[in-house]
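I opened this notebook to record what I looked up in one structure. The entries follow the order in which I consulted the topics.

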Amino acid sequence: MSNSSVDHRRKAVVTADHEKPERPDRRRFLMRSAAAGTGLAAIGTTGIGSVALAADGAQADDTSKLPAAARRKDEGAMILHGENPITLETSRSAVTTSGITPSSRLFIRNNLPVPDEKIVADRDAWEVTIDGVKKPRTISLRELKTMGLTSVAMVLQCAGNGRGFFEHEASGSQWRTGASGNVVWSGVPLKNVVEALGGPADGMKYLTSTGGEVLPEGLDPDRIKVERSIPLEKALDDVLLAWEMNGEPIPLVHGGPLRVIVPGYYGCNNTKYAKRVAFTVEQSTSNMQQSSYRMRPIGESSSPDQPTAWEMNVKSWVTGPGADADEGVQAGRQVIYGVAFGGYEPVESVEVTTDGGKNWQKAELYGPDLGRYAWRNFRLEVDLSAGNHVFASRATNGSGETQPEQRVENERGYMNNSWRDHALTVVVI
Ligand SMILES: Nc1nc2c(c(=O)[nH]1)N[C@H]1C(S)=C(S)[C@@H](COP(=O)(O)O)O[C@H]1N2
Ligand SMILES: [Mo]
(Lines give C-alpha, C1' and ligand atoms only; values in the text may rest on other atoms or scores of the structure.)
(Ligands and ions follow the chains in the order given, each with its own letter.)
Protein backbone atom coordinates (compact mmCIF):
# COMPACT_ATOMS: atom_id res chain seq x y z
CA MET A 1 0.00 0.00 0.00
CA SER A 2 1.23 3.47 -0.73
CA ASN A 3 1.01 6.53 1.41
CA SER A 4 -2.00 7.79 -0.39
CA SER A 5 -4.37 5.45 1.41
CA VAL A 6 -5.01 8.23 3.85
CA ASP A 7 -7.12 10.98 2.43
CA HIS A 8 -4.97 14.07 2.84
CA ARG A 9 -7.46 16.34 1.14
CA ARG A 10 -9.46 16.72 4.28
CA LYS A 11 -7.70 18.01 7.36
CA ALA A 12 -7.32 15.14 9.72
CA VAL A 13 -7.52 15.67 13.42
CA VAL A 14 -4.94 13.18 14.56
CA THR A 15 -4.66 13.00 18.28
CA ALA A 16 -2.38 11.02 20.49
CA ASP A 17 -5.39 9.80 22.36
CA HIS A 18 -7.73 7.33 20.86
CA GLU A 19 -10.79 8.71 22.56
CA LYS A 20 -10.27 12.40 22.04
CA PRO A 21 -12.55 14.94 23.66
CA GLU A 22 -15.19 16.12 21.28
CA ARG A 23 -16.48 19.60 20.70
CA PRO A 24 -19.47 20.46 22.81
CA ASP A 25 -21.57 21.35 19.78
CA ARG A 26 -22.72 17.80 19.26
CA ARG A 27 -25.12 17.89 16.36
CA ARG A 28 -28.04 15.78 15.58
CA PHE A 29 -29.52 15.77 12.14
CA LEU A 30 -33.19 15.33 12.52
CA MET A 31 -34.66 14.52 9.19
CA ARG A 32 -37.46 13.21 11.31
CA SER A 33 -38.34 16.73 12.32
CA ALA A 34 -39.19 17.44 8.71
CA ALA A 35 -41.83 14.77 9.03
CA ALA A 36 -43.13 15.93 12.38
CA GLY A 37 -46.12 17.78 11.06
CA THR A 38 -47.10 15.08 8.61
CA GLY A 39 -47.95 12.28 10.98
CA LEU A 40 -44.84 10.38 9.93
CA ALA A 41 -43.19 11.20 13.23
CA ALA A 42 -45.35 8.72 15.04
CA ILE A 43 -43.80 5.76 13.30
CA GLY A 44 -40.36 6.87 14.39
CA THR A 45 -40.81 4.72 17.47
CA THR A 46 -40.63 1.55 15.45
CA GLY A 47 -37.18 2.44 14.32
CA ILE A 48 -38.20 2.58 10.69
CA GLY A 49 -39.66 6.05 10.70
CA SER A 50 -37.02 7.84 8.75
CA VAL A 51 -36.13 5.20 6.19
CA ALA A 52 -38.35 6.64 3.54
CA LEU A 53 -36.66 9.99 3.91
CA ALA A 54 -33.12 8.76 4.17
CA ALA A 55 -30.35 8.74 1.66
CA ASP A 56 -29.38 5.12 1.70
CA GLY A 57 -27.25 3.94 -1.15
CA ALA A 58 -24.08 4.97 -2.74
CA GLN A 59 -25.39 7.80 -4.86
CA ALA A 60 -24.28 11.21 -3.74
CA ASP A 61 -26.84 13.11 -1.76
CA ASP A 62 -26.25 16.83 -2.05
CA THR A 63 -28.44 17.64 0.91
CA SER A 64 -26.60 15.32 3.29
CA LYS A 65 -24.85 17.01 6.16
CA LEU A 66 -22.89 13.89 7.02
CA PRO A 67 -19.23 13.61 6.02
CA ALA A 68 -18.50 11.71 2.82
CA ALA A 69 -17.44 8.56 4.69
CA ALA A 70 -20.95 8.30 6.11
CA ARG A 71 -22.95 8.97 2.97
CA ARG A 72 -24.54 5.55 3.05
CA LYS A 73 -25.95 6.14 6.50
CA ASP A 74 -29.57 6.77 7.29
CA GLU A 75 -29.07 10.37 8.28
CA GLY A 76 -32.17 10.68 10.43
CA ALA A 77 -31.06 7.73 12.53
CA MET A 78 -27.62 9.02 13.42
CA ILE A 79 -25.97 11.49 15.81
CA LEU A 80 -22.73 13.04 14.58
CA HIS A 81 -20.05 13.46 17.25
CA GLY A 82 -17.07 14.22 15.05
CA GLU A 83 -16.31 14.60 11.35
CA ASN A 84 -12.71 13.69 10.85
CA PRO A 85 -11.97 11.14 12.05
CA ILE A 86 -15.59 10.24 11.80
CA THR A 87 -17.55 9.47 14.96
CA LEU A 88 -21.21 8.68 14.43
CA GLU A 89 -23.76 7.21 16.88
CA THR A 90 -27.04 5.40 16.26
CA SER A 91 -29.85 7.28 17.97
CA ARG A 92 -31.72 5.30 20.59
CA SER A 93 -35.03 5.36 18.75
CA ALA A 94 -33.44 4.05 15.55
CA VAL A 95 -32.53 0.62 16.92
CA THR A 96 -34.51 -1.90 14.92
CA THR A 97 -36.95 -4.39 16.43
CA SER A 98 -35.92 -7.17 14.06
CA GLY A 99 -32.53 -8.11 15.42
CA ILE A 100 -29.82 -7.05 13.05
CA THR A 101 -28.56 -3.48 12.85
CA PRO A 102 -28.68 -2.51 9.19
CA SER A 103 -25.37 -1.18 7.90
CA SER A 104 -27.10 2.12 7.17
CA ARG A 105 -27.61 2.57 10.93
CA LEU A 106 -24.43 1.13 12.37
CA PHE A 107 -22.27 3.52 14.42
CA ILE A 108 -18.81 4.51 13.19
CA ARG A 109 -15.71 5.02 15.27
CA ASN A 110 -12.51 5.81 13.48
CA ASN A 111 -9.42 6.90 15.33
CA LEU A 112 -7.70 7.91 12.13
CA PRO A 113 -9.06 9.11 8.79
CA VAL A 114 -10.75 6.41 6.72
CA PRO A 115 -8.31 4.96 4.15
CA ASP A 116 -8.70 5.76 0.47
CA GLU A 117 -11.49 4.05 -1.47
CA LYS A 118 -8.93 2.41 -3.67
CA ILE A 119 -8.22 -0.23 -1.04
CA VAL A 120 -11.62 -1.70 -1.77
CA ALA A 121 -11.34 -1.43 -5.55
CA ASP A 122 -9.82 -4.91 -5.76
CA ARG A 123 -10.70 -6.49 -2.44
CA ASP A 124 -9.27 -9.91 -3.18
CA ALA A 125 -5.86 -8.36 -3.73
CA TRP A 126 -5.70 -7.05 -0.13
CA GLU A 127 -2.82 -8.61 1.75
CA VAL A 128 -2.42 -9.38 5.42
CA THR A 129 0.81 -10.47 7.06
CA ILE A 130 0.50 -13.31 9.55
CA ASP A 131 3.40 -13.23 11.99
CA GLY A 132 4.44 -14.94 15.20
CA VAL A 133 3.60 -18.34 13.70
CA LYS A 134 5.99 -21.16 12.75
CA LYS A 135 5.77 -20.25 9.04
CA PRO A 136 4.99 -16.53 8.84
CA ARG A 137 3.82 -15.12 5.54
CA THR A 138 1.69 -12.60 3.72
CA ILE A 139 -1.63 -13.89 2.45
CA SER A 140 -4.07 -12.32 0.02
CA LEU A 141 -7.78 -12.13 0.71
CA ARG A 142 -8.23 -14.30 -2.37
CA GLU A 143 -6.25 -17.06 -0.68
CA LEU A 144 -7.88 -16.57 2.72
CA LYS A 145 -11.17 -17.41 1.03
CA THR A 146 -9.84 -20.89 0.29
CA MET A 147 -8.87 -21.59 3.90
CA GLY A 148 -12.24 -21.85 5.60
CA LEU A 149 -15.56 -20.15 6.01
CA THR A 150 -17.83 -19.31 8.90
CA SER A 151 -20.10 -16.58 10.18
CA VAL A 152 -21.04 -15.07 13.51
CA ALA A 153 -23.61 -12.59 14.76
CA MET A 154 -22.27 -10.32 17.46
CA VAL A 155 -22.68 -7.07 19.25
CA LEU A 156 -20.13 -4.52 18.09
CA GLN A 157 -19.85 -2.01 20.90
CA CYS A 158 -17.34 0.68 21.73
CA ALA A 159 -15.92 0.38 25.25
CA GLY A 160 -16.93 4.01 25.74
CA ASN A 161 -20.58 3.40 24.91
CA GLY A 162 -22.59 5.04 27.73
CA ARG A 163 -19.77 7.48 28.54
CA GLY A 164 -22.22 10.36 28.09
CA PHE A 165 -23.92 9.32 31.33
CA PHE A 166 -20.85 9.77 33.51
CA GLU A 167 -20.90 12.96 35.52
CA HIS A 168 -17.20 13.70 35.80
CA GLU A 169 -16.89 14.71 32.14
CA ALA A 170 -14.89 11.71 31.10
CA SER A 171 -12.94 12.71 28.01
CA GLY A 172 -13.87 11.04 24.75
CA SER A 173 -16.94 10.82 22.57
CA GLN A 174 -20.05 11.38 24.64
CA TRP A 175 -21.79 8.24 23.45
CA ARG A 176 -25.08 7.39 25.09
CA THR A 177 -26.57 4.09 23.91
CA GLY A 178 -25.70 4.07 20.24
CA ALA A 179 -22.02 3.14 19.90
CA SER A 180 -23.32 -0.36 19.42
CA GLY A 181 -25.01 -2.60 16.90
CA ASN A 182 -25.80 -6.23 16.22
CA VAL A 183 -23.91 -7.32 13.15
CA VAL A 184 -23.39 -10.55 11.18
CA TRP A 185 -19.89 -11.18 9.89
CA SER A 186 -18.48 -13.82 7.60
CA GLY A 187 -14.91 -14.85 6.96
CA VAL A 188 -12.34 -17.49 7.81
CA PRO A 189 -11.69 -18.72 11.36
CA LEU A 190 -8.28 -17.35 12.34
CA LYS A 191 -7.33 -20.74 13.77
CA ASN A 192 -7.56 -22.30 10.29
CA VAL A 193 -5.05 -19.81 8.98
CA VAL A 194 -2.77 -20.27 11.96
CA GLU A 195 -2.86 -24.05 11.63
CA ALA A 196 -1.95 -23.77 7.95
CA LEU A 197 1.09 -21.74 9.00
CA GLY A 198 2.31 -24.28 11.53
CA GLY A 199 0.64 -22.87 14.66
CA PRO A 200 1.80 -20.07 16.95
CA ALA A 201 5.55 -19.75 17.48
CA ASP A 202 6.79 -20.88 20.89
CA GLY A 203 6.21 -18.64 23.88
CA MET A 204 3.52 -16.46 22.32
CA LYS A 205 0.86 -15.05 24.62
CA TYR A 206 -1.17 -12.54 22.63
CA LEU A 207 -2.60 -11.87 19.21
CA THR A 208 -1.73 -8.36 18.14
CA SER A 209 -3.52 -6.90 15.12
CA THR A 210 -2.71 -3.71 13.28
CA GLY A 211 -5.00 -1.48 11.24
CA GLY A 212 -4.06 -0.62 7.68
CA GLU A 213 -4.30 3.13 8.00
CA VAL A 214 -1.20 4.83 6.67
CA LEU A 215 0.16 6.95 9.48
CA PRO A 216 1.00 10.62 9.04
CA GLU A 217 4.72 11.21 9.08
CA GLY A 218 6.63 12.86 11.89
CA LEU A 219 4.57 11.43 14.71
CA ASP A 220 5.53 8.55 16.97
CA PRO A 221 3.66 5.57 15.45
CA ASP A 222 2.98 4.06 18.86
CA ARG A 223 0.97 7.13 19.78
CA ILE A 224 -1.40 6.98 16.86
CA LYS A 225 -1.47 3.56 15.29
CA VAL A 226 -4.49 1.35 15.72
CA GLU A 227 -3.10 -1.81 17.23
CA ARG A 228 -4.66 -4.02 19.88
CA SER A 229 -3.68 -7.24 21.59
CA ILE A 230 -5.98 -9.96 22.88
CA PRO A 231 -5.14 -13.21 24.71
CA LEU A 232 -3.84 -16.00 22.46
CA GLU A 233 -6.46 -18.47 23.73
CA LYS A 234 -9.24 -16.18 22.55
CA ALA A 235 -7.55 -15.73 19.18
CA LEU A 236 -7.48 -19.48 18.64
CA ASP A 237 -11.05 -19.89 19.84
CA ASP A 238 -13.54 -17.99 17.71
CA VAL A 239 -11.80 -15.01 16.14
CA LEU A 240 -12.48 -14.40 12.43
CA LEU A 241 -10.74 -12.67 9.61
CA ALA A 242 -13.91 -11.30 8.03
CA TRP A 243 -14.66 -9.84 4.62
CA GLU A 244 -18.45 -9.75 4.68
CA MET A 245 -20.84 -7.83 6.96
CA ASN A 246 -24.62 -8.01 6.95
CA GLY A 247 -24.66 -9.70 3.58
CA GLU A 248 -22.30 -7.44 1.65
CA PRO A 249 -18.57 -6.91 1.37
CA ILE A 250 -17.55 -4.98 4.51
CA PRO A 251 -18.01 -1.28 3.72
CA LEU A 252 -14.75 0.68 3.76
CA VAL A 253 -15.81 2.70 6.78
CA HIS A 254 -16.42 -0.52 8.73
CA GLY A 255 -13.06 -2.04 7.92
CA GLY A 256 -13.22 -3.54 4.46
CA PRO A 257 -11.62 -5.33 2.74
CA LEU A 258 -10.60 -7.35 5.84
CA ARG A 259 -11.42 -7.00 9.51
CA VAL A 260 -10.45 -8.89 12.66
CA ILE A 261 -13.64 -9.92 14.46
CA VAL A 262 -13.39 -10.78 18.15
CA PRO A 263 -16.85 -11.89 19.30
CA GLY A 264 -17.76 -10.84 22.84
CA TYR A 265 -14.93 -8.30 23.06
CA TYR A 266 -15.23 -4.50 22.95
CA GLY A 267 -15.16 -2.70 19.61
CA CYS A 268 -11.56 -1.49 19.82
CA ASN A 269 -10.29 -5.07 19.49
CA ASN A 270 -12.02 -5.53 16.12
CA THR A 271 -9.27 -4.13 13.94
CA LYS A 272 -10.41 -2.71 10.61
CA TYR A 273 -8.30 -2.85 7.43
CA ALA A 274 -6.34 -5.68 9.04
CA LYS A 275 -2.83 -5.45 7.67
CA ARG A 276 -0.82 -7.42 10.18
CA VAL A 277 -2.01 -10.11 12.54
CA ALA A 278 0.74 -11.44 14.76
CA PHE A 279 1.21 -13.65 17.77
CA THR A 280 3.40 -11.79 20.22
CA VAL A 281 5.05 -12.40 23.57
CA GLU A 282 4.00 -9.01 24.92
CA GLN A 283 1.01 -6.78 24.39
CA SER A 284 1.34 -4.07 21.75
CA THR A 285 3.44 -1.02 22.64
CA SER A 286 0.77 1.23 21.08
CA ASN A 287 -0.98 3.84 23.22
CA MET A 288 -4.19 2.15 22.23
CA GLN A 289 -3.07 -0.93 24.15
CA GLN A 290 -0.87 0.52 26.87
CA SER A 291 -2.85 3.51 28.10
CA SER A 292 -6.21 3.85 26.35
CA TYR A 293 -8.98 1.45 27.30
CA ARG A 294 -7.63 0.92 30.83
CA MET A 295 -10.13 0.81 33.69
CA ARG A 296 -8.88 3.09 36.43
CA PRO A 297 -10.30 5.23 39.22
CA ILE A 298 -11.22 8.82 38.41
CA GLY A 299 -8.18 11.06 38.63
CA GLU A 300 -5.64 8.27 38.30
CA SER A 301 -3.30 8.07 35.34
CA SER A 302 -3.15 5.01 33.17
CA SER A 303 -0.89 2.06 33.56
CA PRO A 304 -0.61 -1.17 31.60
CA ASP A 305 -1.37 -3.24 34.68
CA GLN A 306 -4.93 -1.88 34.88
CA PRO A 307 -7.65 -4.05 33.32
CA THR A 308 -8.12 -3.45 29.58
CA ALA A 309 -11.30 -3.47 27.49
CA TRP A 310 -11.56 -7.08 26.41
CA GLU A 311 -14.67 -9.04 27.40
CA MET A 312 -17.91 -7.12 27.35
CA ASN A 313 -20.34 -7.06 30.25
CA VAL A 314 -24.07 -7.82 30.34
CA LYS A 315 -26.20 -4.93 29.15
CA SER A 316 -29.63 -3.87 27.91
CA TRP A 317 -31.67 -0.73 27.37
CA VAL A 318 -35.13 0.24 26.37
CA THR A 319 -35.32 1.71 22.87
CA GLY A 320 -38.98 2.70 22.89
CA PRO A 321 -41.58 3.93 22.92
CA GLY A 322 -40.77 7.51 23.81
CA ALA A 323 -37.08 7.49 22.96
CA ASP A 324 -37.53 10.60 20.85
CA ALA A 325 -37.97 13.66 23.01
CA ASP A 326 -40.51 15.07 20.57
CA GLU A 327 -42.67 11.99 20.65
CA GLY A 328 -45.52 11.67 23.15
CA VAL A 329 -46.58 8.25 24.42
CA GLN A 330 -50.30 7.59 24.67
CA ALA A 331 -51.78 6.25 27.89
CA GLY A 332 -53.24 2.75 27.76
CA ARG A 333 -51.82 -0.36 26.23
CA GLN A 334 -48.25 -0.07 24.96
CA VAL A 335 -45.38 -2.39 24.12
CA ILE A 336 -42.07 -1.46 25.69
CA TYR A 337 -39.13 -2.79 23.70
CA GLY A 338 -35.37 -2.80 23.64
CA VAL A 339 -32.20 -4.84 23.19
CA ALA A 340 -30.25 -7.07 25.55
CA PHE A 341 -27.00 -9.01 25.36
CA GLY A 342 -24.97 -11.05 27.78
CA GLY A 343 -21.56 -9.64 26.87
CA TYR A 344 -19.30 -12.64 26.87
CA GLU A 345 -22.11 -15.00 27.79
CA PRO A 346 -25.53 -15.48 26.24
CA VAL A 347 -28.30 -13.29 27.64
CA GLU A 348 -30.69 -15.30 29.81
CA SER A 349 -33.42 -12.93 30.89
CA VAL A 350 -34.49 -9.30 31.01
CA GLU A 351 -36.68 -7.45 33.45
CA VAL A 352 -38.38 -4.13 32.75
CA THR A 353 -39.58 -1.40 35.09
CA THR A 354 -41.85 1.52 34.24
CA ASP A 355 -41.49 3.20 37.64
CA GLY A 356 -37.75 3.72 37.89
CA GLY A 357 -36.97 0.42 39.54
CA LYS A 358 -39.62 0.01 42.22
CA ASN A 359 -41.32 -2.85 40.41
CA TRP A 360 -39.85 -5.18 37.80
CA GLN A 361 -41.57 -7.52 35.36
CA LYS A 362 -39.98 -10.23 33.27
CA ALA A 363 -39.84 -9.17 29.61
CA GLU A 364 -39.97 -11.62 26.70
CA LEU A 365 -36.98 -12.24 24.48
CA TYR A 366 -38.39 -12.63 20.99
CA GLY A 367 -37.16 -13.28 17.46
CA PRO A 368 -34.36 -15.53 16.28
CA ASP A 369 -31.59 -16.34 18.74
CA LEU A 370 -28.44 -15.55 16.81
CA GLY A 371 -26.09 -17.01 19.39
CA ARG A 372 -24.29 -16.04 22.55
CA TYR A 373 -22.58 -12.97 21.15
CA ALA A 374 -25.62 -11.39 19.51
CA TRP A 375 -28.19 -9.16 21.11
CA ARG A 376 -31.81 -10.11 21.38
CA ASN A 377 -34.84 -7.91 21.18
CA PHE A 378 -37.18 -7.89 24.13
CA ARG A 379 -40.72 -6.70 24.67
CA LEU A 380 -43.16 -6.23 27.50
CA GLU A 381 -46.82 -5.35 27.11
CA VAL A 382 -47.89 -2.79 29.69
CA ASP A 383 -50.85 -0.61 30.54
CA LEU A 384 -49.63 2.92 31.12
CA SER A 385 -51.33 5.62 33.12
CA ALA A 386 -50.85 9.28 32.26
CA GLY A 387 -47.92 11.01 33.89
CA ASN A 388 -44.15 10.63 34.08
CA HIS A 389 -42.70 7.16 33.79
CA VAL A 390 -39.15 5.95 34.05
CA PHE A 391 -38.59 2.94 31.80
CA ALA A 392 -35.52 0.81 32.40
CA SER A 393 -34.37 -2.73 31.72
CA ARG A 394 -32.02 -5.07 33.54
CA ALA A 395 -30.52 -8.11 31.85
CA THR A 396 -28.96 -11.23 33.34
CA ASN A 397 -26.50 -13.45 31.46
CA GLY A 398 -25.65 -17.14 31.46
CA SER A 399 -23.18 -16.75 34.33
CA GLY A 400 -25.85 -15.16 36.47
CA GLU A 401 -24.42 -11.66 36.17
CA THR A 402 -27.06 -8.94 36.28
CA GLN A 403 -26.70 -5.34 35.21
CA PRO A 404 -25.93 -3.22 38.27
CA GLU A 405 -27.97 -0.19 39.21
CA GLN A 406 -24.89 2.03 39.34
CA ARG A 407 -22.05 2.35 36.90
CA VAL A 408 -18.49 1.59 37.91
CA GLU A 409 -16.94 5.05 38.06
CA ASN A 410 -13.74 5.22 36.05
CA GLU A 411 -11.60 7.95 34.56
CA ARG A 412 -12.35 7.37 30.89
CA GLY A 413 -15.96 6.35 31.16
CA TYR A 414 -15.68 2.77 29.92
CA MET A 415 -17.93 -0.27 30.23
CA ASN A 416 -21.03 1.48 31.51
CA ASN A 417 -23.84 -1.03 32.01
CA SER A 418 -25.76 0.71 34.78
CA TRP A 419 -29.48 0.18 34.26
CA ARG A 420 -30.24 3.48 35.95
CA ASP A 421 -27.99 5.46 33.65
CA HIS A 422 -29.73 3.88 30.68
CA ALA A 423 -33.26 4.55 31.95
CA LEU A 424 -35.65 6.50 29.77
CA THR A 425 -37.96 9.13 31.24
CA VAL A 426 -41.18 9.30 29.27
CA VAL A 427 -44.20 11.57 29.53
CA VAL A 428 -47.40 9.59 29.01
CA ILE A 429 -50.38 11.66 27.89
N1 LIG B 1 -8.19 0.09 11.79
C2 LIG B 1 -9.02 0.52 12.74
N3 LIG B 1 -9.76 -0.37 13.42
C4 LIG B 1 -10.60 0.04 14.38
C5 LIG B 1 -10.70 1.41 14.73
C6 LIG B 1 -9.92 2.33 13.99
O7 LIG B 1 -9.96 3.54 14.21
N8 LIG B 1 -9.11 1.85 12.99
N9 LIG B 1 -11.53 1.81 15.75
C10 LIG B 1 -11.87 0.78 16.74
C11 LIG B 1 -12.91 1.18 17.68
S12 LIG B 1 -12.41 2.13 18.98
C13 LIG B 1 -14.20 0.75 17.56
S14 LIG B 1 -15.36 1.08 18.74
C15 LIG B 1 -14.64 -0.03 16.39
C16 LIG B 1 -15.77 0.70 15.67
O17 LIG B 1 -16.23 -0.05 14.59
P18 LIG B 1 -17.19 0.56 13.48
O19 LIG B 1 -16.67 1.91 13.09
O20 LIG B 1 -17.23 -0.41 12.36
O21 LIG B 1 -18.54 0.72 14.12
O22 LIG B 1 -13.60 -0.27 15.46
C23 LIG B 1 -12.32 -0.50 16.04
N24 LIG B 1 -11.36 -0.87 15.02
MO1 LIG C 1 -14.24 2.30 20.48
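**Entry 1: a turn residue**

I began with Asn246, which is partly exposed, with a relative accessible area of 22%. On this scale, buried means under 20% relative accessible area, exposed means over 50%, and partly exposed lies in between, using a 1.4 Å probe and protein chains only. I then read its backbone angle: Asn246 has a positive phi of about 50° although it is not a glycine. Most residues other than glycine have a negative phi. I located Asn246 in the loop between S11 and S12. These labels are DSSP runs numbered from the N terminus, where helices (H or I) have at least four residues and strands (E) at least two.

**Entry 2: what kind of model this is**

I noted that the model is predicted: local features need pLDDT of at least 70, side-chain atom pairs count only at pLDDT 80 or more, and totals for chains, interfaces and linings use all residues. Residues are numbered from 1 along each chain as its sequence is written, chains are lettered from A and ligands numbered from 1 in the order in which they are written, and side-chain values use heavy atoms, with hydrogens and water left out.

I checked the confidence next, given as pLDDT (the predictor's confidence in each residue, from 0 to 100). The chain averages 88, and 85% of its residues score at least 70. Where is confidence lowest and where is it highest in the chain? It is lowest in helix H1 (residues 31-35), at a mean of 30, and highest in strand S13 (residues 259-261), at 99. Over residues 1-61 the pLDDT stays under 50, and for this stretch the model has 138 contacts beyond four places in sequence. A contact means heavy atoms within 4.5 Å.

**Entry 3: the chain as a whole**

I found 6 helices and 22 strands in the chain. Of its 429 residues, 57% are buried. Among contacts in the chain with a separation of 6 or more, 72% are between residues 24 or more positions apart. The chain exposes about 17200 Å², of which carbon and sulfur atoms supply 50%. Accessible areas come from the Shrake-Rupley method with a 1.4 Å probe, and for residues only the protein chains shown count as cover.

**Entry 4: strand S11 and its partners**

I returned to S11 (residues 240-245), where 5 of the 6 residues are buried. Which strands pair with S11? Two strands pair if DSSP finds at least two bridges between them. Strand S8 (residues 180-189) pairs with S11 in the antiparallel sense over 5 bridges, and Gly187 stands opposite Ala242 in S11. S13 also pairs with S11 in the antiparallel sense, over 3 bridges, with Leu241 opposite Val260 in S13. Strand S12 (residues 248-249) is antiparallel to S11 over 2 bridges, and Glu244 has Pro249 in S12 as its bridge partner. S11 and S12 form a hairpin with 2 residues between them, and the turn holds Asn246.

**Entry 5: ligand 1**

I counted 19 residues around ligand 1, of which Phe107, Asn111, Glu213, His254 and Lys272 come nearest. A residue is near a molecule if one of its heavy atoms lies within 4 Å of it.

- A backbone N or O atom of Arg109 lies 2.9 Å from an oxygen atom of ligand 1.
- An N or O atom in the side chain of His254 is 2.7 Å from an oxygen atom of ligand 1.
- A polar side-chain atom of Lys272 lies 2.5 Å from an oxygen atom of ligand 1.

Taken alone, ligand 1 exposes 530 Å², and the protein buries 100% of that.

**Entry 6: further backbone details**

The bond from Asn84 to Pro85 is cis, with omega near 0°; Pro85 lies in the loop between strand S2 (78-82) and strand S3 (87-90). Gly256 and Pro257 are also joined by a cis peptide bond, with omega about 10°, and Pro257 is in the loop between S12 and S13.

Glu169 has a positive phi near 55° and is not a glycine. Glu169 sits in the loop between strand S7 (150-157) and S8. Is Glu169 buried or exposed? Glu169 is exposed, with a relative accessible area of 69%.

Key. Polar contact = N/O pair within 3.5 Å; in protein donor to acceptor, adjacent residues only side chain to side chain.
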